[in-house]
Amino acid sequence: MQNLRISGVQTFPQSESDIRVSFVDRMKIIAAANVEITSGSPLGQGQFFSQDGGETWGQTNLPLVKGDALHADPAVDWTSDGTAWAITIGYRPAQKQDELPILKLRCYRSVDGGATWSYDADASGTQGGTDRDVMWVDHGPSSPFRDNIYVTWHNGGPAFVNRRTGPSGSWQTPVQVSGPETTGTAVGGDIKTNRAGDVFAFWPDTGSQNLFAAKSTNGGAGFAAPVAMATTFGSFAIAIPAFNQRRYIDGSTSGPAIYISGGACRTPAKDLVYAVWTDLSGEAGCTSGSGPDSDVTSKCKTRIWFTRSIDGGANWEAARMINNQPSLNDQFHPRLAVDDTNGQLIVVYYDTVADPNRVQTDLWMQQSLDDGRTWGPAVKVTTAPTDETSAGADTGGAGFGAGDQYGDYIGLSGYGGIFFPSWTDRRNGAREEIWTTQIRLPVSLPWLSLLLVSPP
């Protein structure tokens, strides 16, 4: 399988990526990543672009808005006119001792396929404490809200959504989608649309440990009351042997977080909504707490969980694991994508299953060809493992972000049977860089050579 480094040769480690294929021209792909957020590099968010279907890639950076010291939490997408869009948190340090730093969602646009970028506007309005942003464009050809750009994030505890009304429109006023049901922090959400233009905002709650979804049928102008999808065993982050050295400013450990990756698919006969996330396995001795931490012999492990709604998000099936191996290994950072041409599902995630020492990870994928009722066997995507516990890993110290390791998430995008994940990779002890590969669905296990092919 051909794995390709898309971030190029970089001075600073890069992690936490997003990637998006143009639904109008599949030869065009953009991606983005954090650039050394521990101490702050002099560069803005890393941007990567391909105009030949992923064969070759260029690299650039977003320009920093005056006063911003760094960028974090990348998100990218395309509108149907060929404009590329990027969202990032612009971090502005406190100017006085008794002030807090300012974190705003900066929106950028590119009219040349991602080669150059210009600042557009702030997607977060007047808010200045934003975190964990996700962006999605309504790609539905017949959607009444086609090309609306949606962003979700949390500001303090609540979850918010804002929309930009197409390439020629403007950002509106942020809408709070969470309510009293969210008793903690709504960190780690997602936002997606279906072909009819319905918008689904997803978020976990660190307080109640419930996962929620809220639906909009008016292009994001307003959302219905949140519906609980599932309840998690863990809360916020779970420390595992492969990913337990990262520290937040208060010194607390942060392994993979319980973030949601969602999807939606609507046809005249179906109205499906999906969600995946990382959680403890829920087996004996693994139903609560912060996980195995550094104990490679612990019987507690993390798994990828999945749920779906078959009635447009009104009701949700019981959550289930999609690949509960008997071995002591950990899975984390899932990303879900729905092929809008046929409804097929793909999930990619890190897994330590190939390492008996439980610290080296590979990227794996699974597919569902029956609307999520069943999932096929896991197929390894990476051709070499990554070890974020070995010498040289970006574990960092006290400060903003306090070390990246794998970051908080990876990317996945595709259309018409061709998908591209993006992930953090430091194979052979190199610095953290962003890699991709091409996956074609459906993947037939007897013909694994077909998993990676050259673009048409």
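**Labels and their cut-offs**

Reply: D340 touches R195 and Y415, leaving aside residues up to four places away in sequence; contact means heavy atoms within 4.5 Å. This is a predicted model, in which local features need pLDDT of at least 70, side-chain atom pairs count only at pLDDT 80 or more, and totals for chains, interfaces and linings use all residues. Residues are numbered from 1 along each chain as its sequence is written, and side-chain values use heavy atoms, with hydrogens and water left out.

Me: Why is D340 called buried?

Reply: Buried means under 20% relative accessible area, exposed over 50%, and partly exposed in between, with a 1.4 Å probe and protein chains only. D340 has 18%, so it counts as buried. D340 is found in the loop between β22 (331-338) and β23 (345-351); strands are DSSP runs of E, at least two residues, and helices runs of H or I, at least four, numbered from the N terminus.

Me: What makes the pair D340 and R195 a polar contact?

Reply: A polar contact is a pair of N or O atoms within 3.5 Å; within protein, one must be able to donate a hydrogen and the other to accept it, and residues adjacent in sequence count only if both atoms are side-chain atoms. The side chains of D340 and R195 make such a contact at 3.1 Å.

Me: Why does D68 count as buried, and which side chains does its own side chain meet in polar contacts?

Reply: The relative accessibility of D68 is 8%, and therefore D68 is buried. Its side chain makes polar contacts with the side chains of R92 at 3.4 Å and R106 at 2.9 Å. D68 lies in the loop between β5 (58-61) and β6 (70-78).

Me: What makes β15 and β16 a pair?

Reply: Two strands pair if DSSP finds at least two bridges between them. Strand β15 (residues 199-204) and strand β16 (residues 210-216) have six, in the antiparallel sense. V199 stands opposite S216 in β16. Both strands belong to an open sheet of four, in the order β14-β15-β16-β17. Its edge strands, β14 (190-193) and β17 (227-231), each pair on one side only.

Me: How many helices and strands does the protein have, and why is it called as compact as a globular protein of its length?

Reply: There are zero helices and 30 strands. The radius of gyration is 20 Å, close to the 23 Å that the globule rule gives for 456 residues, so the protein is as compact as a globular protein of that length. The radius is taken over C-alpha atoms, and the rule is 2.2 Å times the number of residues to the power 0.38.
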